[in-house]
Amino acid sequence: MANDASAAFDTLSPAVSKGSLADPFTPPADSSLWRKNFLLGAATASYQIEGAVDEDGRLPSIWDTFSATPGKVLAGDTGAVACDHYHRWEADIDMLASLGLEGYRLSIAWPRVMDAAGRPNRKGLDFYKRLLNRLKEKGITSFVTLYHWDLPQHLEDRGGWLNRDTAYRFADYTDLMSRELAGTVDAWATLNEPWCSAYLGYGNGHHAPGLANDRFATQAMHHLLLAHGLAIPVLRGNDPASQKGIVANIGRGTANSDSAADQRAAHLFEVQHNAWILDPLLKGEYPQDLFELWPGTEPLVLDGDMRTIAAPLDFLGINYYFRTNVASDGAHGFRDVPLEGVERTQMGWEVYPDGLRDLLTGFKKTYRNLPPIYITENGMASDDKVIDGHVDDAQRISFLKRHLAAVDQAIKAGVDVRGYFLWSLMDNFEWAFGYERRFGVVHVDYSTQKRTVKRSAELVAKFLKERKARV
């Protein structure tokens with residue numbers, strides 16, 4: 001149909017999939033992506049790329065502990081070396097700039113910049129100062145995430161996100177970072193994907209710290225959001241010129257049938273994946289449907305908490321990857337019903353760009369105070385290989401083009417989307433999946449640390465050069 005993002009572009013031709021010089025990426029002339037103020041960049045996260053986990057005073061994180069636990073990460077992989085970005089950051093930033101990418105979203109490793117007593121670790125701070133200054137020299141807009149899951153292990157030993165005190169320690173950490181880095185950061189994001197931290201970390205145990213209890217998940221989420229709310233005024237006070245926001249991962253849920261039960265199941269899926277985070281941030285309340293899904297799991301909320309959590313945002317970061325088809329579980333929840341015959345990525349996730357458009361336009365209707373949006377992560381994993389010095393990632397090229405078409409459709413429908421970050425700049429440690437799954441637009445040979453720019457990155461660079469020439 002006309003508004004189907006998947007059909008907005010021709011499919012890749014056999015010639016292109018074999019690596020011809022044809023360009024299957026450049027968007028149509030009327031696309032919003034041609035706007036000079038639409039930011040196009042790439043994203044990474046500290047634990048996934050930095051390595052150097054025991055250098056220059058860095059403390060252990062929950063992911064060091066989790067990945068060193070047998071059976072927790074595929075093939076026993078850890079982030080101990082990762083992409084060795086801690087030692088190769090200059091070349092990596094030069095590579096980013098050579099591709100013409102206009103923005104870089106990175107995260108700071110909390111265990112690298114503070115000791116257990118809350119005192120600054122100068123060597124860790126200097127690493128980020130040098131990196132951010134290099135980005136400024138290159139004219140690259142910096143989006144800095146304060147928490148991308150690598151909680152210091154000493155805080156987890158005291159209860160982690162189940163302990164309300166961790167929210168206050170996060171505010172202390174935010175204060176240090178925003179004083180030290182003021183003027184070098186264009187946009188701060190407090191948290192990355194609190195859904196993953198709370199649910200995967202404390203609800204089902206798939207991620208660090210590996211706990212599995214629904215009640216833990218809702219309480220951890222409350223403390224994560226409280227930490228965010230406490231951090232926003234600190235950022236405003238210490239670095240007033242920067243933008244302040246948060247990054248949420250969102251999921252599209254569709255019903256397996258037209259039955260009322262399955263429709264309700266799809267609604268509950270999106271409550272659990274989206275409203276659980278966005279309602280507190282934008283409405284100052286938790287969705288009551290969440291506790292229909294998880295009866296008796298209401299978190300302990302103190303007076304003033306929800307006002308703190310609902311602090312005004314300058315932007316909302318949105319991470320989107322796939323949709324989930326669900327049916328009623330016959331009780332008060334939902335169960336996944338995987339569709340057959342659909343395109344999937346190396347992760348097994350369905351490629352469904354229309355879900356991104358539908359969620360964005362739906363949020364505009366639901367939240368009257370919806371702030372400007374950046375797509376802070378979107379991308380796919382594929383089993384990429386270097387052949388004769390090249391990586392032809394044809395599926396990724398098609399994936400990116402179709403999802404950018406979905407973003408364009410959302411913009412034309414009135415959603416204020418101001419930028420898009422590819423996930424990821426380079427292949428990296430993919431959490432519980434280790435190094436098998438490759439999300440980068442740059443290939444990394446982990447045995448040699450050689451970087452090879454993939455065809456997708458070449459085509460993005462070509463488009464950005466063309467756009468710059470039009471201005």
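**Notes on backbone, burial and pockets**

1. Ser424 sits in the loop between β9 (417-423) and β10 (442-445); helices (H or I, at least four residues) and strands (E, at least two) are DSSP runs, numbered from the N terminus. The peptide bond that joins Trp423 and Ser424 is cis, with omega about 5°.

2. The basis of these remarks is a predicted model, in which local features need pLDDT of at least 70 and side-chain atom pairs count only at pLDDT 80 or more, while totals for chains, interfaces and linings use all residues. Residues are numbered from 1 along each chain as its sequence is written, and side-chain values use heavy atoms, with hydrogens and water left out.

3. The loop between β9 and β10 also holds Trp431. Phi of Trp431 is positive, near 50°, although the residue is not a glycine. Trp431 is buried, at a relative accessible area of 3% (buried means under 20% relative accessible area, exposed over 50%, partly exposed in between, with a 1.4 Å probe and protein chains only).

4. Trp149 likewise has a positive phi, about 85°, and is not a glycine. Its place is the loop between β3 (141-147) and α7 (153-156). The relative accessible area of Trp149 is 6%, so this residue counts as buried.

5. A further cis peptide bond runs from Ala208 to Pro209, with omega near 10°. Pro209 belongs to the loop between α9 (194-203) and α10 (214-238).

6. Is Pro280 buried or exposed? Pro280 is buried, with a relative accessible area of 0%, and it lies in helix α11 (residues 260-283). Beyond its neighbours within four places in sequence, Pro280 is in contact (heavy atoms within 4.5 Å) with Leu225, Ala275, Glu285, Tyr286, Met306, Ile309 and Ala310. Pro280 and Asp303 are 23 residues apart in sequence, and their C-alpha atoms are 14 Å apart in space.

7. The largest pocket has a volume of about 920 Å³. Of its 41 lining residues, Trp195, Leu200, His273, Phe322 and Trp349 are the closest to the centre. On a 1 Å grid over the protein atoms alone, a pocket is an open set of points where a 1.4 Å probe fits, with protein on both sides within 12 Å along at least five of seven lines, and lining residues have an atom within 4 Å of a point. Grid points are joined across faces, edges and corners, and a volume is the space filled by probe spheres set on the points.

8. Which elements give two or more residues to the lining of the largest pocket? They are α9, β5 (243-255), α11, β6 (315-328) and β7 (334-336). The most comes from β6, with six residues. By class, this lining of the largest pocket has 20 nonpolar, 14 polar and seven charged residues; Ala, Val, Leu, Ile, Met, Phe, Trp, Tyr, Cys and Pro count as nonpolar, Asp, Glu, Lys and Arg as charged, and the others, Gly among them, as polar.

9. The second largest pocket holds about 330 Å³ of space. It is lined by 16 residues, of which His267, Glu270, Asn274, Phe363 and Thr366 are the closest to its centre. Two or more lining residues each come from β5, α11 and α14 (353-366), and α11 gives the most to the lining of the second largest pocket, with eight. The lining of this second largest pocket divides into six nonpolar, five polar and five charged residues.
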